[in-house]
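Thanks for coming, everyone. Let me put the sequence and the model up on the screen, and then we can walk through the fold together.

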Amino acid sequence: MAILQTLGVASCLGGPMRSCGYAAEMLHDEFDRQKPEQKRLQLQWHMVYPESHGSKEEKLFGLNQSISRFTQYCTEQNQPFLVIGGDHSCALGTWGGVLNGLEQPSKLGLIWLDAHMDAHTFATSPSGNIHGMPLAALLGRADKKLATMYPGSGFIKPENLILIGVRSYENEEYNLLKRAAVEIVFADRINELAPVLIKAIDKLSLSCQAIGISIDLDFIDPEDAPGVETPAQDGIKAGELIEALSLINRHPKVCGLEISEFNPEKDSKNKTLHLMKDIIEAFYGETL
Ligand SMILES: [Mn+2]
């Protein structure tokens with residue numbers, strides 16, 4: 001069984017809540033409870049924690065730098081990876097690191113499954129929460145303060161980014177993405193997720209050397225994934241995401257998967273925790 005390099009980000013510095021830093025630890029235990037005959041993959045866990053001193057900006061920069069070193073190494077070694085947030089600000093490190101590790105950073109594609117656009121800057125965000133800003137930085141459109149938290153030396157080309165499942169956003173972030181001509185597939189335009197995801201992979205495969213998938217658990221309908229920081233009604237059913245990911249199981253162009261925003265305090269009967277495990281197995285698991 002292949003070993004999947006996995007990084008847990010024990011931080012919630014980018015969001016308003018305090019508990020999403022426990023996601024990786026809980027998921028680690030969840031996989032540990034599996035019986036050997038149920039195992040579809042082997043995770044090699046690494047963990048990163050924020051520094052205990054310094055400003056929030058300094059802590060987030062340090063944290064994202066550590067995350068980026070991990071994904072840069074995996075990218076250089078051509079090894080698939082998994083990053084478990086933490087809040088979604090970990091994307092600054094995850095994809096910044098992949099950009100640092102690629103010979104041609106302009107050939108990174110990114111599929112962003114999220115109820116939100118995450119394309120604010122400090123100038124436009126009503127909350128000032130950094131988990132709502134990673135895409136602005138990844139596109140090279142950050143303000144000065146946000147740019148100091150980004151460890152990447154390159155940026156994602158707007159034509160290589162596709163947002164899927166959006167249903168809650170502010171005009172300022174919509175304008176930023178629209179000006180950059182980023183493709184957005186709104187949740188209410190999705191009848192069935194699998195063909196939408198496959199179309200996105202096929203499109204990016206034409207011009208990209210590697211494709212990343214970033215999942216914010218609030219992409220899923222809150223009925224199926226109640227344990228998230230910022231729920232939004234009318235999301236995609238969990239079963240549809242699992243089916244879609246099974247169809248692209250270990251796709252050779254996909255370099256890594258990121259899952260973020262799990263909030264155990266809001267979970268009910270461990271539904272969202274179990275879903276995280278199912279997502280990982282659907283994409284990275286071997287068929288039993
Ligand atoms: Mn997000």
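What radius of gyration would a compact globule with 288 residues have, and what does the protein chain have? A compact globule of that length would come out near 19 Å, and the protein chain has 17 Å, which agrees. The radius here is taken over C-alpha atoms, and the globule rule is 2.2 Å times the number of residues to the power 0.38.

Two housekeeping points before we go on. This is a predicted model, so to speak about local features we need pLDDT of at least 70, side-chain atom pairs count only at pLDDT 80 or more, and totals for chains, interfaces and linings use all residues. Residues are numbered from 1 along each chain as its sequence is written.

Now the overall picture. Along the principal axes, the C-alpha atoms of the protein chain fill a box of roughly 50 × 45 × 40 Å. Buried residues make up 51% of the 288; buried means 20 or more other C-beta atoms within 10 Å of a residue's own, exposed means 12 or fewer, partly exposed is in between, and C-beta atoms are placed from the backbone. Take the contacts between residues at least 6 apart in sequence: 75% of them join residues at least 24 apart. Contact means C-beta atoms, placed from the backbone, within 7 Å.

On to secondary structure. The protein chain has nine helices and eight strands, where helices (H or I, at least four residues) and strands (E, at least two) are DSSP runs numbered from the N terminus. What is the order of the strands in the open sheet? Reading across, it is β2-β1-β3-β8-β7-β4-β5-β6, with parallel pairing; two strands pair if DSSP finds at least two bridges between them. At the edges sit β2 (42-48) and β6 (183-186), each pairing on one side only. Neighbouring strands are turned by 15° against each other on average, direction ignored; the axes are lines fitted to C-alpha atoms, for helices over the stretch in contact, with angles from 0 to 180 degrees between N-to-C directions.

Please find β8 for me. Seven of its seven residues are buried. On one pairing, β7 (residues 210-216) runs parallel to β8 (residues 254-260) and is joined to it by six bridges. Ile-213 has Leu-257 as its bridge partner, and Ser-214 has Glu-258. β8 also pairs with β3 (residues 81-84), again in the parallel sense, over four bridges, and there Leu-82 stands opposite Leu-257.

Next, the core. In soluble globular proteins, nonpolar side chains tend to be buried together. The largest nonpolar core here has 89 residues, and those with the most contacts inside it are Ile-111, Trp-112, Ala-136, Ile-164 and Ile-279. A core is a set of buried Ala, Val, Leu, Ile, Met, Phe, Trp, Tyr and Cys residues joined through C-beta atoms within 7 Å. Beyond its neighbours within four places in sequence, Trp-112 touches residues including Leu-135, Ile-164 and Ser-214.

In α1 (residues 23-32), the buried residues include Ala-23, Ala-24 and Leu-27. They span an arc of only 90° around the axis, which puts them on the same side of α1; the arc is that of the directions from the helix axis to the C-beta atoms. Asp-29 and Asp-32 are exposed, on the face turned away from that buried side. Covering the buried residues are, among others, β1 (3-9), β2, β3 and α9.

In α8 (residues 238-247), the buried residues are Ala-238, Glu-240, Leu-241, Ala-244 and Leu-245. Their arc is only 160°, which puts them on the same side of α8. They pack against α7 (193-207) and α9 (271-284).

Finally, some backbone details. Most residues other than glycine have a negative phi, and most peptide bonds are trans. Gly-85 and Gly-86 are joined by a cis peptide bond, with omega about 15°, and Gly-86 is in the loop between β3 and α3 (91-101). Arg-250, in the loop between α8 and β8, has a positive phi near 50°. Glu-261, in the loop between β8 and α9, has a positive phi near 75°.

Which of these is buried, and which is partly exposed? Arg-250 counts as partly exposed, with 13 C-beta neighbours inside 10 Å, whereas Glu-261 is buried, with 31 other C-beta atoms within 10 Å.

Terms used. Contact = placed C-beta atoms within 7 Å.
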